[in-house]
Amino acid sequence: MKILKIDHLGIAVKSMDEGKNFWSDILGLKFEGAETVQEQKVTTGFFPVGESEVELLESTSPDGPVAKYIEKKGEGIQHVAFRVENIEEALAELKERGVKLIDETPRIGAGGAKIAFLHPKATKGVLVELCER
Ligand SMILES: C[C@@H](C(=O)O)C(=O)SCCNC(=O)CCNC(=O)[C@H](O)C(C)(C)COP(=O)(O)OP(=O)(O)OC[C@H]1O[C@@H](n2cnc3c(N)ncnc32)[C@H](O)[C@@H]1OP(=O)(O)O
Ligand SMILES: [Co+2]
């Protein structure tokens, strides 16, 4: 598999509006707009930073993964996303090597990217997202 770069850092926030204030008003990053991804029960907000982006995540439902994360650990970095050249190939390789996958086939994430998550138990405690755009 080939990882091209860190695509984004996913940061769980209780409120997109409040989160946005810090990242755009204080740090001066450009807010590229919000998008709800119903399947993941989140509204996302992207801020480009050089070759990568910050992705703020606000839950749309109390039983979504981001709401559960905040309940357990508080606001903060919920996942790291790597951009890969070919996500199906990467997932097949990881599966063959015994890595615990949350998604065995890609789903559709923000901006229409193909995404899939690896289980934090298989990655030394970091929820890893692979994405291909
Ligand atoms: C829109 C899209 C995009 O970019 O395009 C997105 O990013 S969507 C971003 C939101 N979507 C997702 O996160 C989808 C993938 N996530 C999931 O399926 C879930 O959140 C899991 C990662 C499986 C965790 O599920 P759940 O909270 O029900 O399980 P759990 O509480 O039993 O957790 C199992 C163990 O994993 C740990 N754990 C849970 N969430 C974690 C996280 N984000 N980072 C690191 N560790 C984490 C828990 O502390 C626990 O460890 P201990 O056993 O040691 O206590
Ligand atoms: Co993400």
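**Close-up views of charged side chains**

**View 1. Lys114 and Glu88 form a pair.** With a relative accessibility of 28%, Lys114 is classed as partly exposed (buried means under 20% relative accessible area, exposed over 50%, partly exposed in between; 1.4 Å probe, protein chains only). The model is predicted: local features need pLDDT of at least 70, side-chain atom pairs count only at pLDDT 80 or more, and totals for chains, interfaces and linings use all residues. Residues are numbered from 1 along each chain as its sequence is written, chains are lettered from A and ligands numbered from 1 in the order in which they are written, and side-chain values use heavy atoms, without hydrogens and water. Lys114 is joined to Glu88 by a salt bridge whose closest N and O atoms are 3.0 Å apart (a side-chain nitrogen of Lys or Arg within 4 Å of a carboxyl oxygen of Asp or Glu). This pair connects distant parts of the chain, with Lys114 in strand E7 and Glu88 in helix H3 (residues 87-96), 26 residues apart (helices, H or I of at least four residues, and strands, E of at least two, are DSSP runs numbered from the N terminus). Glu88 is also partly exposed, its relative accessible area being 39%.

**View 2. Asp7 and Arg83 meet in a salt bridge.** Their side chains come together at 2.9 Å, N to O. The two residues stand 76 residues apart and link distant parts of the chain: Asp7 belongs to strand E1 (residues 3-12) and Arg83 to strand E5 (residues 76-84). Asp7 is buried, at a relative accessible area of 2%.

**View 3. Asp63 and Lys41 connect two loops.** A salt bridge joins the side chains of Asp63 and Lys41 (3.2 Å, N to O). Asp63 lies in the loop between strand E4 (52-59) and helix H2 (65-73), and Lys41 in the loop between strand E2 (34-37) and strand E3 (42-49), so the pair ties together parts that are 22 residues apart in sequence. Asp63 is partly exposed, with a relative accessible area of 45%, and Lys41 is partly exposed at 29%. The structure contains 10 salt bridges.

**View 4. The span 77-104 carries a record annotation.** An unreviewed UniProt entry annotates residues 77-104 as "coiled-coil region"; such annotations, given in the numbering used here with shortened feature names, may be inferred rather than shown by experiment. In the model, the span is 36% helix and 29% strand, and its end C-alpha atoms lie 23 Å apart.
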